[in-house]
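Trainee: I would like to learn how to read a structure like this one, feature by feature. Could we look at it together?

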Amino acid sequence: MPVISVIIPHFNRFGLLRKAISSVLIQDYGDFELIVVDDGSTESGLGELQKAYKGQVQWLLLEHEGVSNARNQGARMARGEWLCFLDSDDQWHNGKLAQQVLFHKENPEIKISQTGENWVRNGKPHKIPAKYKKQDGDLFAQSLELCSISPSTVMIKKDLFFAQGGFDERLPACEDYDLWLRVTATEKIGLVASDLMTRLGGHADQLSFKYPAMDRFRVFALFKLLNGNILTRDQKALALVNLKGKIEVLVQGAAKRDKDLKELDEALMVVKKGGFAPLKDLAELLIYSWG
């Protein structure tokens, strides 16, 4: 059995995918399997890549159901003790796996780690804002504000991934924000500070360009988290403050778009009083009804 299972989900990104695959295969740590999950691609190129990487890549071909389902299906297929995810528009640097394996050998109590990263936008290096610099330790408070962990830098114990439910397949975006909230509520995050991944941005099919009002997905994640039973009292208080702020942003955005989302106003009143509405009352509204 391999120690690590590497999972690359993709949809119609065959040019970028080739580079992502190659960045895994050049690693100087070899005890891994590579699973590429094709999320129902409609463009040509799959057969050519399968031939090019014959014997080096396991292929999982799915109907198009989104990145969360693709990652989860890859994780279910995985045989490794540890999972690593690599988005098809990102690339690893050599040494990524070796350095994280060494980190976890030296810190056996830590079940998830991330690495530093570089950003490239439209083919040019892009300075990373200070708030997005990778950190370690208790990242729950930071994870409420923003997505503090990049999926393409992560190494996570497979049993922890499944114990936390994997990626929520109802979410078309911000699925990583949702998962890392659940993970950071109970786990300390390890860090290999070296920049071992390059994130490529600026292309038109990024999810951040596809969906308006992205905070609706984060609000959904927060409602779900607060309706669970994993938060401490202090964590719940922090989550409520953050939820209030994100709902206020959505209410303002809805007004600008002339949307009558009275449920958001009602939810905001509840949160202002220190409570939170049941998830089921807002799920369909937040995920599907923005347009």
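Trainee: Is G253 buried, partly exposed or exposed?

Mentor: Before the case itself, some ground rules: this is a predicted model, in which local features need pLDDT of at least 70 and side-chain atom pairs count only at pLDDT 80 or more, while totals for chains, interfaces and linings use all residues. Residues are numbered from 1 along each chain as its sequence is written, and side-chain values use heavy atoms, with hydrogens and water left out. As for burial, a residue is buried under 20% relative accessible area, exposed over 50% and partly exposed in between, taken with a 1.4 Å probe and protein chains only. G253 has a relative accessible area of 24%, so G253 is partly exposed.

Trainee: How many helices and strands does the chain have?

Mentor: Helices (H or I, at least four residues) and strands (E, at least two) are DSSP runs, numbered from the N terminus. Read in that way, the chain has twelve helices and nine strands. Of its 291 residues, 54% count as buried. Contact means heavy atoms within 4.5 Å, and among the contacts in the chain with a separation of 6 or more, 77% join residues 24 or more positions apart.

Trainee: Which residues does L97 contact, leaving aside its neighbours within four places in sequence?

Mentor: L97 sits in helix α4, residues 96–106, and is buried, with a relative accessible area of 0%. With those neighbours set aside, L97 is in contact with I4, V6, Q27, Y29, F32, C84, W92 and M155. Its C-alpha atom is also separated by 9.9 Å from that of V154, which is 57 residues away along the chain.

Trainee: What covers the buried residues of α3?

Mentor: The covering elements include β1, β2 (32–39), β3 (58–62), β4 (82–85), α6 and α7. The buried residues in α3 are S68, N69, A70, R71, N72, G74 and A75. Take N69 as an example: N69 is found in this helix, which spans residues 67–77, and counts as buried at 5% relative accessibility. Beyond residues up to four places away in sequence, N69 touches L62 and E169.

Trainee: How do helices α7 and α9 cross, and at roughly what angle?

Mentor: Axes are lines fitted to C-alpha atoms, for helices over the stretch in contact, and angles run from 0 to 180 degrees between N-to-C directions. The axes of α7 (residues 175–184) and α9 (residues 215–226) come within 9 Å and cross at roughly 30°. That makes α7 roughly parallel to α9, since angles under 35 degrees count as roughly parallel, over 145 as roughly antiparallel, 65 to 115 as roughly perpendicular and the rest as oblique.

Trainee: Which residues make the contact between α7 and α9?

Mentor: From α7 come Y177, D178, L181 and R182, and from α9 come R218, A221, L222, K224 and L225. To sort such residues, Ala, Val, Leu, Ile, Met, Phe, Trp, Tyr, Cys and Pro count as nonpolar, Asp, Glu, Lys and Arg as charged, and the others, Gly among them, as polar. The residues of this contact divide into five nonpolar, no polar and four charged. Helix α7 is mostly covered, with ten of its ten residues buried.

Trainee: How many disulfides are there?

Mentor: A disulfide is a covalent bond between the sulfur atoms of two cysteines. The rule applied here asks for a pair of cysteine sulfur atoms within 2.5 Å, and by that rule the count comes to zero disulfides. The sulfur of C174, for instance, is 7.8 Å from the closest cysteine sulfur, in C147, which is too far for a bond. C174 counts as buried at 7% relative accessibility, and C84 is buried too, at 0%.

Trainee: Where does C174 lie, and what is its phi?

Mentor: C174 lies in the loop between α6 (158–163) and α7, and has a positive phi of about 60° although it is not a glycine. N12 likewise has a positive phi, of about 55°, without being a glycine. N12 is found in the loop between β1 (4–10) and α1 (14–25), and counts as buried at 15% relative accessibility.
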